[in-house]
Structures are given as structure tokens and as C-alpha cells.
Protein chains: 2
Amino acid sequence: MLEKTIRVNALYDFYHPLLTPKQQSYMSLYYINDFSLREIADECNVSRQAVYDTIKRTEIMLEDYEEKLHLYEKFKKRGDVIRQLYDVLDNKKNTEVMLNLIKQLEKLD
Amino acid sequence: MLEKTIRVNALYDFYHPLLTPKQQSYMSLYYINDFSLREIADECNVSRQAVYDTIKRTEIMLEDYEEKLHLYEKFKKRGDVIRQLYDVLDNKKNTEVMLNLIKQLEKLD
């Protein structure tokens with residue numbers, strides 16, 4: 001999958017409740033169900049251009065939400081810390097390291 | 001502080017980047033700096049009713065964002081798990097408990 005597609009999918013995961021039903025519908029058909037613009041246009045009885053415009057505008061909205069709320073960025077940072085916690089458990093390192101990781105987690109809330 | 005005020009303050013913390021500058025201004029004066037409606041009205045050269053309407057409408061928007069994104073709810077749940085992790089560290093319980101807590105954290109992302 002292209003890097004951009006992965007990012008839009010992730011942003012859609014976080015912010016889709018803030019989108020309109022129409023935006024949600026076009027975005028999930030295009031990015032999750034892999035429909036073409038033409039197929040969505042036919043399915044929804046609108047022009048291909050209208051579908052394209054809505055999807056492009058929605059992608060900009062998703063980036064705007066991320067710029068304001070940073071949910072995807074925080075998710076990735078928490079994921080990093082959680083992976084380190086697992087690593088600490090696996091390697092039976094000392095509790096000082098664990099404590100430090102938990103403190104990092106707290107700051108990410 | 002009243003329970004409602006605590007909640008609005010918390011929701012404001014999470015969602016204020018999604019508000020307009022005017023909404024941010026009235027809400028922070030009212031909820032953070034403890035201005036009265038009258039004081040905000042005088043400060044901003046608008047009617048007391050206009051300030052009241054904006055604040056009430058913004059409170060509804062904040063609850064609407066929370067209903068859609070659950071950021072405050074997730075924050076509280078993560079806080080609970082983090083407190084339990086500290087407790088496990090303090091009491092030197094076994095790693096199985098720790099592993100279970102980390103898994104819970106992962107699910108909360």
C-alpha cells in the first residue's frame with residue numbers, strides 16, 4: 001500500500017466520526033473497499049468529479065484535524081512506548097526502566 | 001469546583017483546537033479565568049446574552065465532540081491502567097499482571 005494511503009486510512013480511523021455521512025461513505029468506499037472514483041459515482045448517482053472533489057476536500061479536513069488534535073501522532077508514540085514495555089518484560093530488565101516508560105506514557109495523554 | 005465545571009474544563013482541554021477563536025476566548029475567560037458573563041461582555045464589547053449563547057452552544061459542541069471521539073473517556077481509562085501499573089511496580093507483583101495491563105493499554109489506543 002502506498003504511504004499516503006496508509007496515512008489517510010489511519011486518519012480516517014481516528015476522525016471519521018467528525019465527517020458527514022456522505023464523506024464517510026465516499027471515503028470508506030474509496031480507501032477501505034477499494035472502489036474506483038467511477039464506481040462510487042455510479043453507485044451514488046453523482047458525477048465522477050463530484051466524488052473526486054469530496055474525497056480531496058475530506059483528505060484536507062482529516063489533515064486539518066490531525067494538525068489540531070494529533071491523535072494519530074500520539075497513537076504512534078504510545079505504540080512505541082508499549083513496544084518498549086513488552087521488551088522490558090521479555091528481558092526482565094529492572095523496574096527503574098519500567099517506571100520511566102510508564103512516566104512517558106502518562107505524558108502522552 | 002462543581003462537577004459540571006470540572007467536566008467542561010476537561011473537555012475544553014481536549015477539544016479547544018476545534019473551536020473558533022471567539023469560542024476559545026469566551027470559554028477560557030469564563031471557565032479558566034473565572035470571569036462573569038457581564039465581565040466578558042464588557043471586555044469584548046458584546047451583550048451579556050451573546051456571551052451566554054456562545055458559551056452554552058460551545059458546551060454542547062464539546063459534548064458532541066466527546067460523544068464522537070471519546071478522548072476524555074479514554075484519557076480516564078488510560079489513567080486507571082497507568083495507576084495500576086504503578087501499583088504493580090510498587091508491590092513487585094508478577095509480570096503476568098503487568099503484561100495484562102499493557103494489553104489493556106494497547107486496546108485503549
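**Helix packing and loop geometry in the predicted model**

In the predicted model, helix 3 of chain B passes helix 4 of chain B in a right-handed crossing. The two helices, formed by residues 37-44 and 48-69 of chain B respectively, pack with their axes 8 Å apart and at an angle of about 110 degrees. Because angles of 65 to 115 degrees count as roughly perpendicular, helix 3 of chain B is described as roughly perpendicular to helix 4 of chain B. On the side of helix 3, the contact is formed by Leu37(B), Arg38(B), Ile40(B) and Ala41(B), which meet Arg48(B), Val51(B), Tyr52(B) and Ile55(B) of helix 4. By class, this contact has 6 nonpolar and 2 charged residues, with no polar residues.

A contact between the chains involves helix 5 of chain A and helix 6 of chain B, whose axes come within 11 Å and cross at roughly 165 degrees. Angles over 145 degrees count as roughly antiparallel, and helix 5 of chain A and helix 6 of chain B are therefore assigned to that class. Helix 5 of chain A passes helix 6 of chain B in a left-handed crossing. From helix 5 of chain A, Ile82(A), Leu85(A), Tyr86(A) and Leu89(A) take part. Their partners in helix 6 of chain B are Thr95(B), Met98(B), Leu99(B), Ile102(B), Lys103(B), Leu105(B) and Glu106(B). The contact of these two helices comprises 8 nonpolar, 1 polar and 2 charged residues.

Helix 1 of chain A, residues 3-15, contains 13 residues and reaches 18 Å from its first C-alpha to its last, close to the 18 Å expected at 1.5 Å a residue. Its buried residues are Val8(A), Asn9(A), Ala10(A), Leu11(A), Tyr12(A), Phe14(A) and Tyr15(A). These buried residues pack against helix 2 (21-32), helix 4 and helix 5 (71-91) of chain A, together with helix 4 of chain B.

Positive phi values in residues other than glycine were also examined. Asn45(A), which is not a glycine, has a positive phi of about 55 degrees. Asn45(A) lies in the loop between helix 3 (37-44) and helix 4 (48-69) of chain A, and is exposed, with a relative accessible area of 73%. In chain B, phi of Asp34(B) is near 60 degrees, likewise a positive value in a residue other than glycine. Asp34(B) is found in the loop between helix 2 (21-32) and helix 3 of chain B. At 65% relative accessibility, Asp34(B) counts as exposed.

Terms used. Residues are numbered from 1 along each chain as its sequence is written. Chains are lettered from A and ligands numbered from 1 in the order in which they are written. This is a predicted model: local features need pLDDT of at least 70, side-chain atom pairs count only at pLDDT 80 or more; totals for chains, interfaces and linings use all residues. Side-chain values use heavy atoms; hydrogens and water are left out. Axes are lines fitted to C-alpha atoms, for helices over the stretch in contact, and angles run from 0 to 180 degrees between N-to-C directions. Helices (H or I, at least four residues) and strands (E, at least two) are DSSP runs, numbered from the N terminus. Angles under 35 degrees count as roughly parallel, over 145 as roughly antiparallel, 65 to 115 as roughly perpendicular and the rest as oblique. A crossing is left-handed if the near helix is turned anticlockwise from the far one by less than a right angle, and right-handed if clockwise. Contact means heavy atoms within 4.5 Å. Ala, Val, Leu, Ile, Met, Phe, Trp, Tyr, Cys and Pro count as nonpolar, Asp, Glu, Lys and Arg as charged, and the others, Gly among them, as polar. Buried means under 20% relative accessible area, exposed over 50%, partly exposed in between (1.4 Å probe, protein chains only). The expected span of a helix is 1.5 Å times one less than its number of residues.
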